[in-house]
Amino acid sequence: MPAIRTRSKYDTSVIYLYYHNKEHLISETLRRSIPYSTISTWRNNDPSTSYIGYEIRHKLDQAFEHMEHIHERAALKKTLNIVTKTWIRIAHIVNPFLNKHKQYKDVVINEVQHLCRILPKRIALKLAGISSNTFHYRLNKLKNICHDSAFALCFKRHPLQLSFKEISIMKQLLMDIRFICWPVSSITYFAKRNKLLAASLSTWYKYVPLLGVRNKQQKEKHVHTGLVTTAPNQFLHVDTTFWNIKHDVKAAIVLVSDNFSKAILGWSVSLQKNAHNVKCALDAAIQTIHQYHPEHPCTILMADGGTENHNITIHELLKNTVQPEITKIIALKDISFSNAPIEAINKIIKVYLRFYQPATLSQLIECVKLTVHDYSFVRPHGSLNGMVPMEIYTNQQFNMDTKSFMAEAKSKRIEQNRNHMCRTCK
């Protein structure tokens with residue numbers, strides 16, 4: 001007796017998927033086991049007319065849609081897992097770079113917020129390589145950007161930063177034509193000496209690049225110990241530098257400086273590089289010594305090996321100068337030290353000359369005269385802790401104690417910042 005073939009029965013959800021052309025959600029093995037005639041019947045059979053209670057089927061539609069989304073994003077999930085694993089491997093290299101450069105910090109915070117929508121915050125912060133405190137601190141800064149502040153920080157929330165008024169004063173000093181040839185350190189001490197702005201040198205260095213009023217010059221630092229003196233007139237330096245005027249004519253500028261105070265004691269300008277030019281500068285330096293230190297007994301004059309410094313004219317001048325008695329030596333020959341102190345002053349003088357651009361001999365003489373006065377009598381020096389060279393040379397006592405001024409300015413700064421109303425605060 002032949003075996004009776006039983007008819008297969010299928011779940012209604014399978015029929016539903018075929019009718020709505022979503023059979024790709026069914027496994028391939030099950031799809032192959034279903035006869036084509038059965039599938040054709042399902043496609044042509046409207047469930048709404050064939051089955052009682054079909055009206056409640058819509059409640060399961062969301063489940064099937066969710067199932068379909070999972071199927072469509074299976075490949076995306078696999079890709080995401082690979083990307084996540086790759087990022088974890090390279091995060092220790094990339095994250096320090098992103099967090100170090102200011103222009104990328106805001107980008108990192110914004111992207112972490114996007115990650116927090118799909119990932120737990122703990123994991124998102126771990127992928128970004130930042131702590132929870134850092135994240136909320138930077139996020140708070142972004143939410144409270146102040147366009148009046150150099151650091152874009154709200155004055156009320158960060159009252160210790162320089163006030164809007166102080167920033168304006170700093171800008172005015174940096175842009176003042178009188179200080180255009182001064183370094184930031186000299187302007188800093190000038191502001192403190194004259195009680196214009198109570199801010200440390202490090203604060204100035206932080207604000208200057210943000211204000212964008214000066215180009216910071218990168219200098220290569222060489223750490224070395226130079227000639228050490230303990231009083232004025234122990235060592236003098238003489239050197240000649242040059243400046244091109246009209247018709248490519250070179251004018252020689254001779255400077256004589258004091259090692260201890262860095263003051264320029266004498267100078268001379270000529271169209272010729274000769275002994276007479278050096279003699280004029282030395283004569284002026286000797287007169288300065290007689291004016292401020294008439295009892296000074298002796299000094300040492302350091303020069304390089306140029307013929308303008310070693311000749312009969314200079315020899316006779318030094319021989320006839322009894323007080324102070326001057327002994328001339330050659331740098332790096334009679335002594336192991338170079339003539340670097342006067343060469344550094346030459347570079348400073350060139351800053352003024354490049355700004356004023358004197359084109360004739362008379363203009364050059366006038367320019368050097370103004371420059372020497374500004375350098376020696378007006379401009380505070382960072383290497384002298386804010387003192388002016390001639391103050392050191394003449395042993396003047398200047399009260400550089402600005403503690404009370406700084407403390408008073410700090411309290412005023414906090415009050416002004418708390419009362420400041422920027423666009424964000426409004």
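Reader: Which residues touch the most other members in the largest nonpolar core?

Author: Keep in mind that this is a predicted model. A nonpolar core is a set of buried nonpolar residues joined through side-chain atoms within 4.5 Å. Here the largest one has 21 residues. Val238, Leu265, Leu282 and Leu301 touch the most other members.

Reader: Which elements give two or more residues to this core?

Author: They are S1, S2, H13, S4, helix H14 (312–320) and helix H17 (389–393). H13 gives the largest share, seven residues.

Reader: What does Leu282 touch, leaving out residues up to four places away in sequence?

Author: Leu282 touches Val256, Leu301, Ile314 and Leu317. There is also a second, separate core, with 20 residues. Phe155, Leu162, Ile167 and Leu173 are among them.

Reader: Let us turn to the sheet. What is the order of its strands?

Author: Start with the general idea. Strands of a sheet pair through backbone hydrogen bonds, either parallel or antiparallel. In this model, five strands form an open sheet in the order S3-S2-S1-S4-S5. The pairing is mixed.

Reader: Which are the edge strands?

Author: Look for strands that pair on one side only. These are S3 (264–270) and S5 (325–330). From one strand to the next, the twist averages 25 degrees.

Reader: In which sense do S1 and S2 pair, parallel or antiparallel?

Author: S1 and S2 are antiparallel, with ten bridges.

Reader: Where are the parallel pairs?

Author: S1 and S4 pair in the parallel sense over three bridges. There, His237 stands opposite Met302 in S4. S4 (residues 298–303) also pairs in the parallel sense with S5, over six bridges. Ile300 has Thr327 in S5 as its bridge partner.

Reader: Why is S3 described as largely enclosed by the rest of the structure?

Author: Count its buried residues. Buried means under 20% relative accessible area. Six of the seven residues of S3 are buried, so the strand is largely enclosed by the rest of the structure. S1 is mostly covered, with nine of its eleven residues buried. Across the protein's 426 residues, 38% count as buried.

Reader: Which strands does H13 lie across?

Author: Helix H13 (residues 275–292) lies across S1 (235–245), S2 (249–258), S3, S4 and S5. It runs at about 155 degrees to S3.

Reader: Which residues of H13 are buried?

Author: They are Ala275, Asn277, Val278, Ala281, Leu282, Ala285, Ile286, Thr288 and Ile289. Notice that Asn277 and Thr288 are included.

Reader: Now a single residue. Is Ser261 buried or exposed?

Author: The cut-off for buried is under 20% relative accessible area. Ser261 has 0%, so Ser261 is buried. It is found in the loop between S2 and S3.

Reader: What does Ser261 contact?

Author: Beyond its neighbours within four places in sequence, Ser261 is in contact with Leu384, Pro389, Ile392 and Tyr393. A polar contact of 2.7 Å also joins the side chains of Ser261 and Asp258.

Reader: What about Ser270? Where is Ser270 found?

Author: Ser270 is in strand S3. A polar atom of its side chain lies 3.1 Å from the backbone nitrogen of Gln272. Leaving out residues up to four places away in sequence, Ser270 touches Ala251, Ala252 and Asn277.

Reader: How many helices and strands does the protein have?

Author: It has 18 helices and five strands. Take H1 (residues 12–19) as one more helix to read. Its buried residues are Val14, Ile15, Tyr16, Leu17 and Tyr18. Just after H1, Asn21 takes a positive phi of about 55 degrees.

Definitions and conventions: Residues numbered from 1 in each chain as written. Predicted model: local features only at pLDDT ≥ 70, side-chain atom pairs only at ≥ 80, totals over all residues. Heavy atoms only, no water. Pairing = 2+ DSSP bridges. Helix = DSSP H or I, 4+ residues; strand = E, 2+ residues; numbered from the N terminus. Axes fitted to C-alpha atoms, helices over the stretch in contact; angles between N-to-C directions. Contact = heavy atoms within 4.5 Å. Buried < 20%, exposed > 50% of the residue type's maximum accessible area, 1.4 Å probe, protein only. Polar contact = N/O pair within 3.5 Å; in protein donor to acceptor, adjacent residues only side chain to side chain.
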